[in-house]
Amino acid sequence: MFDGYTSSELMSIFAMQGFAGLSLFSVFVLMAMGLAIIFGQMGVINMAHGEFMILGAYTTYLTSGFFQSYLPGLFGGYFLIAMLLAFLVCAALGALIEWLMIRHLYHRPLDTLLATWGLSLIMQQAYRSIFGAREVGVELPDWMMGAFQVTDLVELPINGLFVMIIALSIAVGVYLLMYRSGYGKKVRAVVQNRPMAEAVGINSAGIDRATFALGCGIAGIAGAAFTMIGSTGPSSGQAYIVDTFLVVVFGGAQSLIGTIVSAFGISQAQSTMEFFLSGSMAKVLTLLVVVGILMLRPEGLMALKVRR
Amino acid sequence: MDTTEQTAGGRSFGKGLGLRKSLMTLAASVMLATSAQAAAPATAEVNTTGLAVTDDTVTVGILHSITGTMALSEIGSVQAEKLAIDQINASGGVLGRQIEYVQEDGASDWPTFAEKSRKLLRQDNVAAIFGAWTSASRKAILPVIEQYNGMLYYPTFYEGLEQSPNVVYTGQEATQQILAGIDWAVENKGAKTFYLLGSDYIWPRTSNKIARKHIDKLGLKVVGEEYYPLGHTQFNSVINKIKLRKPDVIFASVVGGSNVAFYKQMKAAGVDFTDEKPLLLTISVTEDEIRGIGGENVEGIYASMKYFQSLDNPNNKEFVAAFKEAYGDDMVIGDVTQAAYLGPWLWKAAVEKAGSFDIDKIREEFAGIEFTKAPEGYVRIHENHHLWSKTRIGKAQTDGQYQVVYETEELMEPDPFPEGYQ
Amino acid sequence: MKNSSPLKWFGSREGLYYLALAFLLVVLLPLMLDPFRLNMVGKYLTYAFVAIGLVMCWGKAGILSLGQGVFFGLGGYCMAMFLKLEASTPEATAIQSTPGIPDFMDWNQLTELPWFWEPFHSFSFTLIAVIGVPVLLAFVIGFAMFTRRVGGVYFAIITQAIAAILTILIIGQQGYTGGVNGITDLQTLMGWDIRTDAAKTTLYFICVGMLFLCLFIARLVQNRKLGRILVAMNAQEMRVRFSGYDVAAFKIFVFCLAAAFAGIGGAMFTLIVGFMSPSFIGIVASIEMVIFCALGGRLSILGAVYGALLVNAAKSGFSESFPELWPFAMGALFIGVVLAFPNGLAGLYQTYVMPLEDKLFKRSKGAKVEASPAKPAAERKPKTEKTDDYDPMIDSYSPEKS
C-alpha cells in the first residue's frame, strides 16, 4: 500500500493521519467533557447529553440565520457569538432540568438514566416538531472553510484546527475552574463529603445545579463546534451517545484527567485502525477492546478513589 | 366483508385543499394522457375481492415513517403521494371514484411496517399501498403483502435482486443507476481507478458488488472499498486514505447523517470536487440530502439518478410548480419523491386499463403501461414490475440543485437479476 | 414460604391475581379481539418475557441491564435461523444460483451454508440454543463483571456498548445474518404453516402458556431464600457478602435467568411476527424494554406483564391516531414513572386499590402470609432508597448502588 510514494509524500500522509487522530481526540474531549463533569462530580448519567449538543447546534443554526438576514456584514464573526449563545441556552435548560427533575434523583443513578432517556425522547420530538424532521444546514463563514496549507503536501483542515482549539480551551478552562477557583473547591468538597460540606455552609443544592448547568453548557459548545463537521437533525444526538459514555466510563469517573487520557487512547486506537482496516471493523474492534479492558479494570483508567 | 366506510382510527381524507386552480390546469392536461372516463362502472363489477370500494370512493393506504430517523427521508414521498392523489381526484378520480387514503406511520421500525401493512390490508381493505422506503421496510412488508395479495408501490432506488408479483418498483434498481453511471465516468471522464465507499448495510454493499463486477469487466481497477456503520460521523481517516490512493473516481453510497459529516469533512480537508481530481460519483445524494449537507459542501459532485428537480421538460415544470404551491416555495424534490409521485398515477392507469380494482386483474395489465406525463419524462412498466426509464447524471451546484450533464438516449431496461452478478 | 396446599393458593389474593391474568389472556382477549389484534397482543406478550426477567434482575437484584435486546435478539435469531432453513429447501429456492441456502445468502454470493448455521437444521438444537446462547453470553458478561464488583451505572453502560457492538456486527455481516433487513419471510415450523390465522391463534396460546411458565419460575425464585438474598443484595450488598454469600454467583444467576427469559421471548416473537431483525438488539429497543418493566412495577412480575401490554397497546394506538405525540408521551412516561411512581402500576395498585380490596373482602392484612411477596418488598423499597444517602463509610456516589 505504500509503494510508489516518495518519502516526503509518506511523511505528509502520516502527518495528516496524525492530525486526523488528534482531530478525533478533540472531538471526543469536547463530547465527553460535559458528561464527565456531570457524571464524575455528581454521579448522574445524562442520557440526553446528545440532545443538549444538538440544542447547541440548532442555536448555532438560528444564530447563523439571524446574522445572514439582519447583520450580514458581521457574518464572519458570528460563530463565536453562536458558541456563547449555545453555552448560555444549554446551561439555562440544564439548570431548569436539574431543578425540575434531576435533584430528586441523586440517590438513584439508574433512575436518572431512565428519566434522562425520557427527556431525550421529548427533546428529539420537540426538535422534529419545531425544526422539521429534515436536517438543517449551518452555513459557515468563508474563513472557516477549506484547508490550511502547511507545506506543499500537508493540508490541515481549518475547522479541524478550530475544533482542537476549542477543545483545548475548554479543557484548560474546566481545569482552572475545578482546581483553581472557589467554585471548584466547593464542588470537590461536595463530592468528597456532602454532609460535611453542607455543615460548613456550602449550598450543595446550588452547587449541583451550577455543575449540571455547566456540563450541559459545555455540551452546547460541543454541539456548536460539531456543526462544522457533522449533521444537525433531530436524531443526530444519538450518534454520539455510546462513544461519549464509553470515553467517560473508560477514563474513570471523578477524574477529568482520566477522561482526557481515555479520549486520547480511544481516538488514537480508532483512527489508526480505521486507516488500516475498514471503518466498521475498526469501530467494532475499538468497542470490543474498550469493553474488554473495562471488564478487567472496571473502575476505569484513572479512578481517584478505589473505595468499594 | 364491509366495503363501506371503515372505522379505523387515524383516517384522513385527502381531497384537494386549496389547490383547486393549479390542479384544474394540470387536470386538464392530464385528461389527455389518461383514458377518458365514462360514467362510473358499478361497484360489483369493479370490485369482486372485497376491497374498500364504494360507488363514490376507493380507499388506498399510505405507509411511511413520520417519526423516527427515517422521517426526514420519507416525508417527501408522503407529500408526493398525497399530491398525486389530490390531482387525480381533481380530474375525476379513478373509475369515477374519489380516492381516500388511510395514512399509517411506520415509525422507522421495520416490524411496525409489517404490522401496519397487515392492518391496512386486513382491516382497511385498501386497494393499494404506497409506501416503504428502506429495503428493510420493504422486506418486512413483503411476506404480508404476498400473503394477503395486496399491491405495494415502492419508490426508492434500491439494490434489485427482487421481483415480487405484489410490488411495483417505481424507483430504479441498481443496474439502471450504477452501470450507466460507471459507464459515463469511464467514457466521458476517462476514469480508470475507483474507490468504493458506502454505509455498512445491504444497499451499499450490494451496489458496490455490482459496481466492482462491472469495473472488473471493463478491465479497470478498484483501489479501495470501505464501509462505515450507519450513523458514523468521523471520516478523517478514510479521507486520508483516499488522498493516499488517488483514485480517479470516488463511488459513494453513504447514507443518512453520515452523508453530512462526510461531505463537510471532505470539504474541510481541502478537497475541491469541481477540480474533479478525484471525481465523486454518488448514488445516494438527492436534492433532499443536499439540503442537510449544504450546497457549498457538495459543489461539483456528480449523481446518477433518473430524476432531478432541474429537469427541463413541461411535465416537470408543472410538477415542481404544483409541489411548491402545495408545500411551500423552499421545497426541494429528490428522485425518490418523484418516484413516489408516479405510484398513484400508475395504479390509476392499471385500474382503468383493467376496468377493475381487483389486484389479480390489474396485475395482468401492468406490463406495457406508459405514463407520458411523468415529471421525469416518460416511463413504462416492465413485466418484471420495474420501470423503463432514462438515467441521468447531474452535477451539484451551490444552490442545492443538480445541473443535468448527461442523459441516456434510450430508456434503460430494468434488470433486477443481472447475469453474472449473482 | 407457601405453607398451604396448592388448591388453597388459588383462593388466596395472589392466586386470584394470577387467575385474573389468566382469565384476561386466555378467555377475555381471544373473545374480544379478531385474529389480527390478538396477534398483536401476542407480540406484546413476548416483550413481557423480557420485562419479567428485568423485574428479577433489576427490581430485585438491582442490576440494570440496558442490553436485554441482545438476549431477546439472540433467542429470536436462533429460532429465525431454524425457520429460515426450513423455508429454504432446494425446491423452494430453485431459482437461486445456489438452491438450498437462504435467499439473502444467495444475494451476497455465498455458495454454501456457513458452519454455524448447520446445527440449526435440528429443532431440538434450536430449542436448546434459544435459551442456551443468551445464557452463555450472559454468563460470560456476568462473570467478567460481577466477580470484579462492577455494577450499577457502569454495568448499564457496558451492556449498552455490547448492544451497539452486536448491532454493528449483525448489520455488517449481512451474508451470514441477513444484515439490516433481518431474517424475513419465515413460513413453516416443521411443516406447520405459521402464517395462517389459525396458526397465529395457536401460537398466541402457546405464548401465554410459556409466559405463565416463566411467571411461575420467577415466582419460585422470588419466594425461596434465593429471592430473599437477591433483595438483600440490592439493599445492603456488603452485609450479604460478610454473611458469607458469594454475591457474584447470585448476580450471575439472576442475570442469566433474565437472559433466558428474554431469549424465550425472542423466539416466541419470531414465531408470532414471522421475522427477526437487528432493530430489536439495539440500544433504543433495549431501553424500551426497561420501561415496560418500570411502568408495570419493577418489583412485580405480574405488573411487568401488564406494563408490557399497556405500553405497547398505547404505542399502537397513538401511532394510528397521533403519531407525532407518541415520543412525547413515551418520554413523559419514563420521567413520570421514575419521579412520581417508582414502583409503577403495581405500586399504585398496592397503595390505593389493595386497601379497598381489604375492606371489600374483609381480609386483615396480618393473615396475608401468601400475599405476593413482591408487594411488601415494594413497600420496603422507598425506605432503602432514602437511607442509603448518608453512610460515612461509603462515598455518596458509588458505582454499585442502584
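Mentor: Two residues are taken to be in contact if their C-beta atoms, placed from the backbone, lie within 7 Å. The model under discussion is a predicted one.

Trainee: Which helix of chain A supplies the largest share of the side of chain A that touches chain B?

Mentor: The contact takes 37 residues from chain A and 32 residues from chain B. On the side of chain A, at least two residues each come from α1 (7–42), β2 (155–157), α5 (158–180), α10 (256–276) and α11. The largest share is seven residues, and the helix that supplies it is α1(A).

Trainee: How do the residues of the side of chain A that touches chain B divide into nonpolar, polar and charged?

Mentor: This side belongs to a contact that takes 37 residues from chain A. They divide into 15 nonpolar, 15 polar and seven charged.

Trainee: For the side of chain A that touches chain C, which element gives the most residues?

Mentor: Here the contact takes 39 residues from chain A and 45 residues from chain C. Two or more residues on the side of chain A come from each of α4 (109–131), α7 (194–199), α9 (238–251) and α11 (279–296) of chain A. With 14 residues, the element that gives the most is α4(A).

Trainee: By class, how many nonpolar, polar and charged residues has the side of chain A that touches chain C?

Mentor: Chain A gives 39 residues to this contact. By class they are 24 nonpolar, eight polar and seven charged.

Trainee: Are α11(A) and α7(C) roughly parallel or roughly antiparallel?

Mentor: The axes of α11(A) and helix α7 (residues 152–172) of chain C are 10 Å apart, and the two helices pack at an angle of about 155 degrees. Because angles over 145 degrees count in this class, the arrangement is roughly antiparallel.

Trainee: What are the class counts for the contact of α11(A) with α7(C)?

Mentor: α11(A) passes α7(C) in a left-handed crossing. Residues of α11(A), including Val284(A), Leu287(A), Leu288(A) and Val291(A), meet residues of α7(C), among them Ile158(C), Ile162(C), Ile165(C) and Leu169(C). By class, the contact has twelve nonpolar, two polar and one charged.

Trainee: Within chain C, what is the orientation of α3(C) relative to α13(C)?

Mentor: Helix α3 (residues 35–60) and helix α13 (residues 283–296) of chain C have axes 8 Å apart and pack at an angle of about 70 degrees. Since angles of 65 to 115 degrees form one class, the orientation is roughly perpendicular.

Trainee: How many charged residues has the contact of α3(C) with α13(C)?

Mentor: α3(C) passes α13(C) in a right-handed crossing. From α3(C), residues such as Tyr47(C), Leu54(C) and Trp58(C) take part, and from α13(C) those that take part include Met289(C), Phe292(C) and Cys293(C). The contact has ten nonpolar and two polar residues, and the number of charged residues is none.

Trainee: What share of the residues of chain C count as buried?

Mentor: Chain C has 17 helices and two strands. Of the contacts in chain C with a separation of 6 or more, 80% are between residues 24 or more positions apart. Among the 402 residues of chain C, the buried share is 51%.

Trainee: How far apart are the end C-alpha atoms of helix α9 (residues 257–268) of chain B?

Mentor: At 1.5 Å a residue, the twelve residues of α9(B) should span 16 Å.

Trainee: How many residues of α9(B) are buried?

Mentor: The buried residues of α9(B) include Val260(B), Phe262(B), Lys264(B) and Lys267(B). α9(B) is largely enclosed by the rest of the structure, because the buried residues number twelve of the twelve.

Notes:
Residues are numbered from 1 along each chain as its sequence is written. Chains are lettered from A and ligands numbered from 1 in the order in which they are written. This is a predicted model: local features need pLDDT of at least 70, side-chain atom pairs count only at pLDDT 80 or more; totals for chains, interfaces and linings use all residues. Helices (H or I, at least four residues) and strands (E, at least two) are DSSP runs, numbered from the N terminus. Ala, Val, Leu, Ile, Met, Phe, Trp, Tyr, Cys and Pro count as nonpolar, Asp, Glu, Lys and Arg as charged, and the others, Gly among them, as polar. The expected span of a helix is 1.5 Å times one less than its number of residues. A residue is buried if 20 or more other C-beta atoms lie within 10 Å of its own, exposed if 12 or fewer, and partly exposed in between; C-beta atoms are placed from the backbone. Axes are lines fitted to C-alpha atoms, for helices over the stretch in contact, and angles run from 0 to 180 degrees between N-to-C directions. Angles under 35 degrees count as roughly parallel, over 145 as roughly antiparallel, 65 to 115 as roughly perpendicular and the rest as oblique. A crossing is left-handed if the near helix is turned anticlockwise from the far one by less than a right angle, and right-handed if clockwise.
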